[in-house]
Amino acid sequence: MTMHRRPMGRARRVAGLAAVVLLVACFLPWFGTSTDAGLPPLSGNGFAGSGVLVFFVGLAVIALLAWPYAAGDTPVTLDRPLSFLILTVIGWLALVVRAVDLAAANASVLFPTRAYGLYLAALALVVLSRAVYDMRSERRI
């Protein structure tokens with residue numbers, strides 16, 4: 001029995017980092033209200049509405065990154081840049097739908113000081129998009 005390390009390219013490492021940040025961002029507040037009106041403040045994270053799809057995109061990216069290591073020596077057909085691109089597009093669509101939904105209710109809940117999880121998720125999706133762009137020119141071993 002031999003142990004060998006399967007190399008992982010830079011773009012896939014960046015995608016893994018973006019997926020972890022995406023998962024963390026789902027636990028942080030995605031909207032918040034102020035106490036100016038004398039009412040108790042409300043806030044919510046990424047597990048409401050279409051924000052839960054963003055969480056599942058982060059999990060799916062990590063699963064796609066781990067799948068070749070779990071499969072052993074057999075090639076994995078889903079480990080392609082197109083799979084990561086599809087997940088990234090789903091993540092962006094879910095984030096935009098959730099942001100529009102929140103802005104339709106009350107635009108002031110999306111201030112960066114109250115919705116930093118939403119902005120961190122958007123930043124993670126930007127990094128994931130860049131990683132997917134770099135994957136298409138990366139040589140896969």
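A crossing is called left-handed here if the near helix is turned anticlockwise from the far one by less than a right angle, and right-handed if clockwise. By that rule, α2 passes α3 in a left-handed crossing, and α1 goes past α2 in a left-handed crossing too. The model is a predicted one, with local features needing pLDDT of at least 70, side-chain atom pairs counting only at pLDDT 80 or more, and totals for chains, interfaces and linings using all residues. Residues are numbered from 1 along each chain as its sequence is written, and side-chain values use heavy atoms, leaving out hydrogens and water.

Helices are DSSP runs of H or I with at least four residues, numbered from the N terminus. Helix α2 covers residues 51-71 and helix α3 residues 81-105; their axes come within 8 Å and cross at roughly 165 degrees (axes are lines fitted to C-alpha atoms over the stretch in contact, and angles run from 0 to 180 degrees between N-to-C directions). The two are therefore roughly antiparallel, the word used for angles over 145 degrees. In contact terms (heavy atoms within 4.5 Å), α2 residues including Leu53, Val57 and Leu64 meet a set in α3 that includes Phe84, Ile90 and Arg98. That contact divides into 12 nonpolar, 3 polar and 1 charged residues, where Ala, Val, Leu, Ile, Met, Phe, Trp, Tyr, Cys and Pro count as nonpolar, Asp, Glu, Lys and Arg as charged, and the others, Gly among them, as polar.

On to α1, residues 10-27, which packs with α2 at about 150 degrees, the axes 9 Å apart. This pair is therefore roughly antiparallel as well. Among the α1 residues meeting α2 are Arg12, Gly16, Leu23 and Phe27, with Phe55, Gly58 and Ile62 among those on the α2 side.

Notes:
Parallel < 35°, antiparallel > 145°, perpendicular 65-115°, else oblique.
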